[in-house]
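The structure comes first, then the notes.

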Amino acid sequence: MHYPADIYIGQVRDYPGSRPSAIGKVQVEGALTLTDLGLEGDQQAEKIIHGGPDRALCHYPREHYAQWARQFPAQADLFIAPAFGENISTVGLTEENVFIGDIFRWGDALIQVTQPRSPCFKVNFHFAISDLSLLMQQSARTGWLYRVIQGGTVSADAPLELASRTSNVSIRDAAAIAWHMPFDDEQYHRLLSAAGLSVSWTRTMQKRRISGQIEDYSRRLWGSAKPAG
């Protein structure tokens, strides 16, 4: 199967009332160079949690936008690609049929799925919806991230094509294991066994197995401790 892909890049901008972000992206036509760290001209703020080799590209399913617009009619006009800060937008690829470790051919490049996107508080600010990051996480409508196995020239004229599947852990499965169930060592082992899993998720799952506890991710979702109420 071939999946036509729109491409977006963005620059880091200041957002009064929030931290700098490159979530505001613009569509790019024509050819671009893809390297180990992403698309030429694309930036990431706060690189400890964004970007890097395991998070070089962000992909968000375009069909989710209609679901969000129905859920939040007052903000419906905001729910259009690339409002979630994605680099790649397609129809037909979702968290149900994309798996950890999937390798896609894209133009001259090869890219590999590494993890679900971990929603952060910046989407709350961007859409003026105080708990959108939590709702993304709970629904597993998160999108996912890639590493670049082989760089090269990519373009909107070059569709994504699945080249290899190496695990049985879908993005939705990974989200469920990480966020939707109580401590489950067997499921963490299953996720850790998925070839291609990002270093950061590997570290998190292994820490859970060692400590016997699930870490507090409220700061990621809210930007601080979880709000009261």
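Gln-75 is buried, with a relative accessible area of 17%; buried means under 20% relative accessible area, exposed over 50% and partly exposed in between, with a 1.4 Å probe and protein chains only. This is a predicted model: local features need pLDDT of at least 70, side-chain atom pairs count only at pLDDT 80 or more, and totals for chains, interfaces and linings use all residues. Residues are numbered from 1 along each chain as its sequence is written, and side-chain values use heavy atoms, with hydrogens and water left out.

**Gln-75**
- Gln-75 sits in the loop between helix H1 (64-71) and strand S7 (88-90); helices (H or I, at least four residues) and strands (E, at least two) are DSSP runs, numbered from the N terminus.
- Apart from neighbours within four places in sequence, Gln-75 is in contact (heavy atoms within 4.5 Å) with Phe-127, Ala-128 and Ile-129.

**Helix H1**
- His-64, Tyr-65, Trp-68 and Ala-69 of H1 are buried.
- Seen down the axis of H1, the buried residues fall within an arc of 135 degrees, so they line one face of the helix; the arc is that of the directions from the helix axis to the C-beta atoms.
- These buried residues of H1 pack against strand S6 (57-61) and helix H3 (132-139).

**Sheet S5-S4-S11**
- Three strands form an open sheet in the order S5-S4-S11, with antiparallel pairing; two strands pair if DSSP finds at least two bridges between them.
- Strand S5 (38-39) and strand S11 (152-155) are the edge strands, each pairing on one side only.
- Four bridges join strand S4 (residues 31-35) and S11 in the antiparallel sense.
- Leu-32 has Val-154 in S11 as its bridge partner.
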